[in-house]
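Please walk me through this model.

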Amino acid sequence: MYKNFFKRILDFLLALFGFIILFPLLIPISILLRLTGEGEIFYLQKRVGYKNRYFKIWKFATMLKNSPNIGTGSLTIRNDPRLIPMGRFLRKTKINEVPQILNILKGEMSFVGPRPQPEGDFLKFPVDVQERICNIRPGLTGIASIVFRDEEKLISQAVGDKHEFYKMYIAPYKGKLEDWYQQHLSFSTDFLLILLTIWTVMAPNNDLIFRLIKDLPEKPEQLLLN
């Protein structure tokens, strides 16, 4: 009942309330983005969504427009040279994700769920994960987003082909985390993950999620930060 009915109602009401409350914040950010970097305010990118349908995700612009064709492409590393002047701040605080409230209002996303991937990164998931991960709406935050809060550092430290590292180690573990989420999907799980997201933004270097949720899949050795 929650997954198929109440979750969508709560998403819509919270997104509507959030848009009204946060709208005054969007105006100065939009002005600053227009006056800095390349003058772009929003970044729209094609992502794989619910039931494998494509949609355009909304974000504040944080990188050069040609970023997908420069450097590591769809993967972002620590101190990425493609970031525009405001980009690092917006990404660190997660403010760049706020425009996705529009995606939630439209029913393309939820507040909590698997992060929607560009097609190239989606295809890095194991085939069985690709078949299951789109059974629910993608989220503004989610279990994998919290666990991989420092994904940029992991990718930066990877030796060799960073896309291969993502495909071999990060994508399969994200798949296990999303399987866990779908098995435990409930209002209480979503509420806990939202609280953990807020805490993670304020205190990035914490392992609270593993202390509060004891049955999460164990991290493979290759993903343990030095």
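The questions below go from the overall fold to single residues.

Q: What are the ground rules for this model and its numbering?
A: This is a predicted model, in which local features need pLDDT of at least 70, side-chain atom pairs count only at pLDDT 80 or more, and totals for chains, interfaces and linings use all residues. Side-chain values use heavy atoms, without hydrogens and water, and residues are numbered from 1 along each chain as its sequence is written.

Q: In what order do the elements of the protein chain run from the N terminus on?
A: Helices (H or I, at least four residues) and strands (E, at least two) are DSSP runs, numbered from the N terminus. The protein chain has 10 helices and four strands. Their order is α-β-β-α-α-β-α-α-β-α-α-α-α-α.

Q: What radius of gyration does the protein chain have?
A: The radius is taken over C-alpha atoms, and the globule rule is 2.2 Å times the number of residues to the power 0.38. For 226 residues, a compact globule would come out near 17 Å. The protein chain agrees with that, at 17 Å.

Q: Which residues have the most contacts inside the largest nonpolar core?
A: A nonpolar core is a set of buried Ala, Val, Leu, Ile, Met, Phe, Trp, Tyr and Cys residues joined through side-chain atoms within 4.5 Å. Buried means under 20% relative accessible area, exposed over 50%, partly exposed in between (1.4 Å probe, protein chains only). The largest core has 50 residues, and those with the most contacts inside it are I143 and I209.

Q: Which helix gives the most to this core?
A: In soluble globular proteins, nonpolar side chains tend to be buried together. Eight residues of the core come from the top contributor, helix α8 (residues 162-183).

Q: Which residues does I209 touch, not counting those up to four places away in sequence?
A: Contact means heavy atoms within 4.5 Å. By that test, I209 touches I143, I146, V147, L193, L196 and L216.

Q: Is K59 buried or exposed?
A: K59 sits in strand β2 (residues 54-60). Leaving aside neighbours within four places in sequence, its contacts include F42, E97 and R115. Its relative accessible area is 13%, so K59 is buried.

Q: Is E131 buried or exposed?
A: E131 belongs to helix α5 (residues 127-133). Its relative accessibility is 57%, so E131 counts as exposed.

Q: What distance separates the C-alpha atoms of E131 and F42?
A: Along the chain, E131 and F42 are 89 residues apart.
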